[in-house]
Amino acid sequence: MHAAVVSSFDTPPRYAEIETPIPVGEHEVLVTVIAAGLHPRVRSQADGSHYTSTDELPLVPGIDGVGRTADGRLVYFILPDTTIGAMAEQTVVDLRRSIVLEEGVDPVALAAAMNPAMSSWIALRQRIDFQRGQSVLVLGATGSAGQMAVQIAKHLGAGRVIAASRNAARLEALPALGADVTISLDGAEADVAERLASAAADVDVVLDYLWGTPTVSAMTSIVSNRTDPGRPLAWIEIGSVAGPDAVIPSAALRAARLQIVGSGQGSVSARDIRSELPALAKEISSGAYAVTVRAVPLADVEQAWNEAPSGDERIVITP
Ligand SMILES: NC(=O)c1ccc[n+]([C@@H]2O[C@H](COP(=O)([O-])OP(=O)(O)OC[C@H]3O[C@@H](n4cnc5c(N)ncnc54)[C@H](OP(=O)(O)O)[C@@H]3O)[C@@H](O)[C@H]2O)c1
């Protein structure tokens with residue numbers, strides 16, 4: 001069968017022939033893949049930089065997708081850490097990490113949206129005790145996951161959603177998706193800090209896709225400008241597009257009732273992630289959330305990989 005194959009962490013995957021994998025575990029089945037998203041997580045899997053990387057090569061990238069089982073069921077699946085990923089004509093799926101989809105679901109749209117949507121859905125539902133009416137700041141709101149976060153926070157009952165990002169054009173589009181306020185993170189650090197202090201100082205929850213320096217600036221600004229420092233502030237680290245490390249001032253954790261947690265593979269168990277999939281897939285399939293997607297044939301995977309990643313659209317590989 002054909003697959004996208006990574007032979008070196010320095011070069012993009014190539015379209016190549018490999019042996020069809022064989023299911024071995026009790027719950028494993030062979031699935032014919034229909035669509036697999038090219039998410040940032042998949043790029044970091046393929047270049048060896050993800051925190052779960054074992055450095056084992058060759059590998060087929062792809063962490064989730066939509067496919068069909070031999071008995072005809074349409075499924076959405078998430079793969080464990082494996083060298084046989086979703087960007088192949090067939091892959092091995094543990095049925096305990098999959099859900100059956102209704103016929104008629106758009107497999108490409110679903111494969112595009114599940115990973116970015118899951119990031120905020122699971123963060124709000126599994127990592128904190130999120131209450132209806134609370135206010136949410138999305139830091140890095142213009143990527144695929146950030147745009148979803150704006151919509152999902154509203155859907156889950158946020159009273160006020162504040163969307164912050166450096167991309168002016170895409171920021172302008174966010175009120176139509178549910179953002180009550182937008183904040184530009186572009187410009188001098190002091191100006192950005194001032195904007196965050198005036199619009200987001202009393203926020204209840206931060207969904208953070210940035211990390212790095214922008215997070216340090218935003219956290220410092222918010223923590224030092226809260227009307228009531230005793231009011232709980234839940235800061236959920238989800239992505240790190242602006243840097244893998246952030247130097248958090250110790251005072252930030254003493255001066256306000258700040259709690260920093262992360263949300264992702266490991267901090268949420270596979271079972272808890274699985275438990276959220278049916279409801280999220282239903283929401284996405286109903287067309288509740290805007291998602292821009294471009295389908296690319298598996299044979300063109302190398303070319304798609306070489307394009308600069310963009311929050312404008314999600315590439316989905318279709319074997
Ligand atoms: N933990 C989880 O469960 C989970 C799940 C899904 C995704 N994620 C993570 O969430 C992050 C975003 O994913 P995505 O799917 O939204 O990716 P994406 O669609 O590629 O969007 C990434 C966005 O990051 C912005 N960006 C890049 N560098 C930046 C910087 N230095 N400062 C500010 N903004 C910057 C880009 O904005 P511009 O247009 O301004 O360049 C772009 O809109 C990734 O780190 C991903 O791994 C985590």
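How much area do domain 1 and domain 2 bury between them, and what percentage of it is on carbon and sulfur atoms? In this predicted model, the two domains bury about 950 Å² between them, and 54% of that is on carbon and sulfur atoms.

Let's back up to the layout. The protein splits into domain 1, made of 2-105 + 289-318, and domain 2, which covers 115-262. Their C-alpha centres sit 30 Å apart. Where they touch, 13 residues come from domain 1 and 14 residues from domain 2.

**The ligand**

Now for the ligand. Both domain 1 (2-105 + 289-318) and domain 2 (115-262) give residues to the shell around the ligand, so the ligand lies between them. That shell counts 22 residues, and the closest are Ala 145, Arg 166, Arg 170, Ser 263 and Arg 314. Sorted by class, the shell has 12 polar residues, seven nonpolar and three charged.

| Residue | Protein atom | Ligand atom | Distance |
|---|---|---|---|
| Ser 144 | polar backbone atom | oxygen | 2.9 Å |
| Ala 145 | polar backbone atom | oxygen | 2.7 Å |
| Ser 263 | backbone N or O atom | nitrogen | 2.7 Å |

How much of the ligand does the protein bury? Taken alone, the ligand exposes 920 Å², and the protein buries 77% of that. As for secondary structure, the elements that give two or more residues to the shell are helix 2 (107-127) and helix 3 (144-155). Ala 145, one of the closest residues to the ligand, is also in the table, with its polar backbone atom 2.7 Å from a ligand oxygen.

**A loop to look at**

One more stop: the loop between helix 1 (40-46) and strand 4 (64-69), which is where you'll find Pro 58. What is phi of Asp 55? Phi of Asp 55 is near 70°, a positive value in a residue other than glycine.

Definitions and conventions: Residues numbered from 1 in each chain as written. Predicted model: local features only at pLDDT ≥ 70, side-chain atom pairs only at ≥ 80, totals over all residues. Heavy atoms only, no water. Near = heavy atom within 4 Å. Polar contact = N/O pair within 3.5 Å; in protein donor to acceptor, adjacent residues only side chain to side chain. Areas by Shrake-Rupley, 256 points an atom, 1.4 Å probe, with all protein chains shown as cover. Helix = DSSP H or I, 4+ residues; strand = E, 2+ residues; numbered from the N terminus. Nonpolar A, V, L, I, M, F, W, Y, C, P; charged D, E, K, R; others polar. Domains from an automatic or database assignment. Contact = heavy atoms within 4.5 Å. Buried area = accessible area lost by both parts, 1.4 Å probe.
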